[in-house]
Amino acid sequence: FAFGGTAEPLTWVDYAISSSAGGGPIESASTVGADGSYGEAAVDLSGLGDGLLTLAVRGRDAADNVSAWTTAPTVIKDTGVPSAPHLTSVNTPVALTTVGQFGFTGTCEAGLSLDYRVVDGGAASVSGTIGADLDGAFAAADVDVSPLADGPLTLTLTARDEVGNVSDETVDDSILKDTVLPGLTVDLPTA
């Protein structure tokens, strides 16, 4: 966790960081430089629970004059990884008439972003991002898989929360793309 600001040069800034979910608080001091800037680049927040974090700071000089605490805007600590998304349907097989309309549906935690990637056997891929609604439902439609080779396709999906935590992958490797028209010959009897 990093923060900084300005204060009276060559003094100290006391800080306290607390979480709405408990733990801590973390308390320490930062030295203010001759230019009036102070900051901390890597405060360890592992002792605080996930939740809303509050940072409070106050100035202190060599004569032990202390200012009132000032509270910075709250930030969210979220180290929890979302659950892997669950696929409920996948459009397969992919045919010549549906190659530009590949899609899938599923569920996950509400409001997450989902990153998907469809890969063919030669490692060519098509990727994108969709969002889950407030009930956790998601759907992708009209995904154009025409750049991918015919044959088995693999869909890989991960869920990502607003602070960037990424779920384990959900993989479906049962997709078949077949855009080749069936061959047809006609044999006529000879007279």
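User: What makes the pair formed by the backbone oxygen of G39 and the side chain of S30 a polar contact?

Analyst: In this predicted model, the backbone oxygen of G39 lies 3.3 Å from a polar atom of the S30 side chain. A polar contact is a pair of N or O atoms within 3.5 Å; within protein, one must be able to donate a hydrogen and the other to accept it, and residues adjacent in sequence count only if both atoms are side-chain atoms. Residues are numbered from 1 along each chain as its sequence is written, and side-chain values use heavy atoms, with hydrogens and water left out. Local features need pLDDT of at least 70 and side-chain atom pairs count only at pLDDT 80 or more, whereas totals for chains, interfaces and linings use all residues.

User: Why is S30 called buried?

Analyst: The relative accessible area of S30 is 2%. Buried means under 20%, exposed over 50% and partly exposed in between, with a 1.4 Å probe and protein chains only; S30 is therefore buried. Leaving aside neighbours within four places in sequence, S30 is in contact (heavy atoms within 4.5 Å) with residues including W12, V13 and Y38.

User: How do you know that β2 and β3 pair?

Analyst: Strands (E, at least two residues) and helices (H or I, at least four) are DSSP runs, numbered from the N terminus. Two strands pair if DSSP finds at least two bridges between them; β2 and β3 have six, in the antiparallel sense. V13 stands opposite S30 in β3. The two strands form a hairpin with six residues between them, and G22 in the turn has a positive phi of about 95°. In the loop between β2 and β3 lies P25, joined to G24 by a cis peptide bond with omega of about 5°.

User: Why is A123 called exposed?

Analyst: A123 has 54% relative accessibility and therefore counts as exposed. This residue is found in the loop between β11 and β12, and its phi is near 80°, a positive value in a residue other than glycine. D142, in strand β13, is likewise exposed, at 56%, with a positive phi near 60°.

User: What makes a set of residues a nonpolar core, and which residues have the most contacts inside the largest one?

Analyst: A nonpolar core is a set of buried Ala, Val, Leu, Ile, Met, Phe, Trp, Tyr and Cys residues joined through side-chain atoms within 4.5 Å. The largest has 24 residues, and F102, F104 and F138 have the most contacts inside it. Its largest share, four residues, comes from β14. A second, separate core of 13 residues includes V13, V43, L45 and L48.
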